[in-house]
Amino acid sequence: MIRAVVFDVGECLVDETREYGTWADWLGVPRHTFVAQFGAVIAEGRDYRETFQVFQPGFDLYAARERRAEAGQPEHFGEEDLYPDVRPALAELRAAGLHLTIAGNQTVRAGRILRALFTADVDLIGTSDDWGASKPDPGFFEKVAEVVPAEPGEILYVGDRLDNDVLPALSAGMRTALIRRGPWGWIQQHDAAADRSTFRIDSLLELPELIAKFNASAAAS
């Protein structure tokens, strides 16, 4: 039975298009050029942070975030950046009695934004900065299993990436849902490992019915 659903943040709940554009502007790079390089790095299976090195060798993402904040341009996302299926999907899943958590690789600042947006909609919000462990490290998913009131096999982790979300969550004994949106979701969709996901979805609104069917089948077996 699936009793809890845990959501990644970027490209699962939050459309990061605006933030990609902000980074391109910060680097002084045409937006389409930055996005093209970003996609190439992902397609080659490299760390997305290598994108920044192409345009500014020695680039330190953490330090640059702080410089942006000091310059009055901190990382930001709001209601307007949420995918349109997020609010209704959360409402349906909560109405179905599922425990809901948001947990992703996010800064303390992003964690504050998430709590302002979602405290009334989910049971728990955690970030990699809060926990001192980042995906895909096993420690991150161990923390998820520790704070979510369900056994690992009863937890569904929802994310857009195979490398950061699906495969490490599976290794932790969790169920997974791979959502096809954002750079990783589209570029990695034909990878054979994608078929290892419990569910493959294009919208979070598919989850209530899929989980209900999965649980009905589990109860009948």
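Mentor: Start with Asp-47, which is partly exposed at 30% relative accessible area. Buried means under 20% relative accessible area, exposed over 50%, and partly exposed in between (1.4 Å probe, protein chains only). This is a predicted model, where local features need pLDDT of at least 70, side-chain atom pairs count only at pLDDT 80 or more, and totals for chains, interfaces and linings use all residues. Residues are numbered from 1 along each chain as its sequence is written, and side-chain values use heavy atoms, with hydrogens and water left out.

Trainee: Which side chain does Asp-47 meet in a salt bridge?

Mentor: A salt bridge is a side-chain nitrogen of Lys or Arg within 4 Å of a carboxyl oxygen of Asp or Glu. Here Asp-47 meets Arg-49, at 2.6 Å from N to O. Arg-49 is partly exposed too, at 44%.

Trainee: How many salt bridges does the rule give?

Mentor: The count is 22. Another one joins Asp-85 and Arg-181, with the closest N and O atoms 2.9 Å apart. That pair links distant parts of the chain, 96 residues apart.

Trainee: Is Asp-85 buried or exposed?

Mentor: Asp-85 is buried, at 6% relative accessibility. Arg-181 is buried as well, at 9%.

Trainee: What about Glu-146?

Mentor: Glu-146 forms a salt bridge with Lys-143, the closest N and O atoms being 3.3 Å apart. Glu-146 is exposed at 58%, whereas Lys-143 is partly exposed at 25%.

Trainee: Which residues are linked in a network of salt bridges?

Mentor: Asp-8, Lys-135 and Asp-165 are linked that way.

Methods. Helix = DSSP H or I, 4+ residues; strand = E, 2+ residues; numbered from the N terminus.
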